[in-house]
Amino acid sequence: MNAHVCTPASLAEDDAGAWLKTLAKYRQPRMGRSALELLVTFIPFAGFWAGAHFSLANGFWYGLIAIFPAAAFLLRLFMIQHDCGHGSFFARRRLDDWTGRAIGVLTLTPYDYWRRAHAAHHASAGNLDERGVGDITTLTVSEYRSLSPMKRLGYRLYRHPLVMFGIGPAWLFLLKQRLPFGMMNGGALPWVSTMATNVAIMTCAGVVAWAIGAVPFLLIHLPIVLLSGAAGIWLFYVQHQFEETHWSADEDWHFPRAALHGASHYDLPLVLRWLTGNIGIHHVHHLSSRIPYYRLVEVLRDHPQLASIGRITLWESLQCVRLVLWDDRRQKLVSFRDAADAAVHPYSATAAGHATD
């Protein structure tokens, strides 16, 4: 009997384990391309930042519109920092690390602290028993129902869009990331990195504020950081908080399946895809995080069957904001209203869940 040879063309969409081997050939970055990606991101960021300052200094307030493209390119710089954290940008650990640390001064994100938290996210995404590090807090329906009224209110406020994408970026980038609490047992590196990043931020901010004035500096850089931070949190949110995502208890959790089906393919328009460093191809990224972001498009080009897994469009992503609880019975994310209706009509909710399976 001849053994069946599993070629890329014959792979099933949900054969997550086999895809790991198939994607290995895309993991090698191209040094020249990586350097170019860094240049075509940093130079426009600096240019738009300078343009915003020039407009402000000369009284052309309408020129502050340059803050928006500057925020977009700062977001793209963070995507490069993200790849550096995975060791996939230059594939040279020291070069990746120091590039990530330097970018972290601009993004207000201490590189080594973030890298450790993000690695924990990748290692446990979709595991109901390993929630809490590097994730957006998500409760199950039964967990939510067991909360006291005050704690339910707290969770509702936490998941409200104004808090998640308004207050959240300010809290995360201006305050929370200044001290790496939660990494107390992770060795000295997250603390050293965070303190060094804080010193570098204060030094750079002090020099620029001395050169152009503290108020102009804050009027320009603070909105840039908060806008890019809000966009970054939004991307992270919709890439895991979509209706047909995948969650399971520890005994049923398997990395390949959780990676491929617990992250979305956020199918953005071409310009947004470029500005976000193809991070929307998130299911492939989670399955093989060492693939440089600029090679993710090659994966979908060569293996178009992957494009349909977890695909959500820009319009569809707007509906994800209401999905806040994981329903174990229906194996999907639901809204507060859906959860309340299921409590009143449990049998009809169960039937509806089976009908969509």
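Reply: Let us begin with a term: a cavity is a set of grid points where a 1.4 Å probe fits but cannot get out, and a residue counts as lining if it has an atom within 4 Å of a point. Please keep in mind that this is a predicted model. The largest cavity here is lined by 14 residues, and His121, Asp135, His240, Gln241 and Trp247 are the ones nearest its centre.

Me: How many cavities of 30 Å³ or more does the search find, and how much space lies in the largest cavity?

Reply: The search of the whole structure finds one such cavity, and the space in the largest cavity comes to about 120 Å³. As for its lining, five residues are classed as nonpolar, eight as polar and one as charged.

Me: What makes a space a pocket rather than a cavity?

Reply: A pocket is an open set of points, whereas the probe cannot get out of a cavity. The largest pocket holds about 1000 Å³ of space. Its lining is made up of 39 residues, and Gly134, Leu172, Gln177, Ile233 and Phe236 are the closest to its centre. The elements that each give two or more residues to this lining are α3 (67-85), α5 (111-124), α8 (161-175) and α10 (214-238). Sorted by class, the lining of the largest pocket has 23 nonpolar, 14 polar and two charged residues.

Me: Why is Cys84 called buried?

Reply: The word buried is kept for a relative accessible area under 20%, and Cys84 has a relative accessibility of 0%, so Cys84 counts as buried.

Me: Is Lys21 buried or exposed, and how do you know?

Reply: Exposed means over 50%, and Lys21 has a relative accessible area of 73%, therefore Lys21 is exposed. This residue lies in helix α1, which runs over residues 16-23. Although Lys21 and Ser288 are 267 residues apart along the chain, their C-alpha atoms are separated by 9.4 Å.

Me: How many disulfides are counted?

Reply: A disulfide needs a pair of cysteine sulfur atoms within 2.5 Å, and by this rule the count is zero.

Me: What share of the whole protein counts as buried?

Reply: Of its 357 residues, 47% count as buried, and the protein contains 17 helices and five strands.

Key. Residues are numbered from 1 along each chain as its sequence is written. This is a predicted model: local features need pLDDT of at least 70, side-chain atom pairs count only at pLDDT 80 or more; totals for chains, interfaces and linings use all residues. Side-chain values use heavy atoms; hydrogens and water are left out. On a 1 Å grid over the protein atoms alone, a cavity is a set of points where a 1.4 Å probe fits but cannot get out, and a pocket is an open set with protein on both sides within 12 Å along at least five of seven lines; lining residues have an atom within 4 Å of a point. Grid points are joined across faces, edges and corners, and a volume is the space filled by probe spheres set on the points. Ala, Val, Leu, Ile, Met, Phe, Trp, Tyr, Cys and Pro count as nonpolar, Asp, Glu, Lys and Arg as charged, and the others, Gly among them, as polar. Helices (H or I, at least four residues) and strands (E, at least two) are DSSP runs, numbered from the N terminus. Buried means under 20% relative accessible area, exposed over 50%, partly exposed in between (1.4 Å probe, protein chains only).
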